[in-house]
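Please look over the notes below alongside the model. They are arranged as numbered points.

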Amino acid sequence: MLQDSSSNQTSPQVLTNQTFEADREAVRHVIIGSPLGVRRTIHQLHALHYEEAVRWTHPLAQPSKRIAIPDNRIIITPEQGEIMSLLVKLIRLQ
């Protein structure tokens, strides 16, 4: 995964639908909600050993603006006061 070298956070630029190996696939996750709700969800997924919290992007917030994921493949407009965090996880297909 690509990471932002200044913060050790996953970069949203990694959001592609590539297959990295024949038996693996990149699955994209998006969490949208209040800052506290997003943080708690990320930490709950970490506690369940799903993925480390540092693998998620920094919270993305653009009040009243759309957030475009690379190549304008997904456009999301969070409600006022909401944030979004992204994760790409490689999963085994077999």
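1. Glycine 33 has isoleucine 83 of E6 as its bridge partner. Strand E3 (residues 24-33) pairs with E6 in the antiparallel sense over 10 bridges; two strands are said to pair if DSSP finds at least two bridges between them. The model is predicted, with pLDDT of at least 70 required for local features and 80 or more for side-chain atom pairs, while totals for chains, interfaces and linings use all residues. Numbering starts from 1 along each chain as its sequence is written, and side-chain values use heavy atoms, with hydrogens and water left out.

2. The protein chain holds one helix and six strands, in the order β-β-β-α-β-β-β from the N terminus on. Helices (H or I, at least four residues) and strands (E, at least two) are DSSP runs, numbered from the N terminus. Of the contacts in the protein chain with a separation of 6 or more, 64% are between residues 24 or more positions apart; contact means heavy atoms within 4.5 Å.

3. Of the 94 residues in the protein chain, 29% are buried (buried is under 20% relative accessible area, exposed over 50%, partly exposed in between, with a 1.4 Å probe and protein chains only). The accessible surface of the protein chain is about 6,300 Å², and carbon and sulfur atoms account for 49% of that surface. These areas come from the Shrake-Rupley method with a 1.4 Å probe; for residues, only the protein chains shown count as cover.

4. E6 is largely enclosed by the rest of the structure, because seven of its 10 residues are buried. Serine 85 belongs to this strand and is buried at 0% relative accessibility. The side chain of serine 85 reaches the backbone oxygen of threonine 57 at 2.9 Å. Beyond its neighbours within four places in sequence, serine 85 is in contact with residues including His29, Val30, Val38, Ile42 and Trp56.

5. Which residues form the largest nonpolar core? Its seven members are Ile31, Val38, Ile42, Ala53, Trp56, Ile83 and Leu87. H1 and strand E6 (83-92) each supply at least two residues of this core. A nonpolar core here is a set of buried Ala, Val, Leu, Ile, Met, Phe, Trp, Tyr and Cys residues joined through side-chain atoms within 4.5 Å. In soluble globular proteins, nonpolar side chains tend to be buried together.

6. Isoleucine 42, in helix H1, is buried with a relative accessible area of 7%. Apart from neighbours within four places in sequence, isoleucine 42 is in contact with Ile31, Ala53, Trp56 and Ser85. Valine 38 touches Ile31, Ile32, Gly33, Ile83 and Ser85, again not counting residues up to four places away.

7. The ends of H1 agree with its length: at 1.5 Å a residue, its 13 residues should span 18 Å, and the end C-alpha atoms are 18 Å apart. The expected span is 1.5 Å times one less than the number of residues. Just after H1, histidine 49 takes a positive phi of about 65°.

8. Is glutamate 51 buried or exposed? Glutamate 51 is buried, with a relative accessible area of 16%, and lies in the loop between helix H1 (35-47) and strand E4 (67-69). Its side chain makes a polar contact of 3.4 Å with that of lysine 89. A polar contact is a pair of N or O atoms within 3.5 Å; within protein, one must be able to donate a hydrogen and the other to accept it, and residues adjacent in sequence count only if both atoms are side-chain atoms. Not counting residues up to four places away in sequence, glutamate 51 touches Leu45, His46, Leu87 and Lys89.
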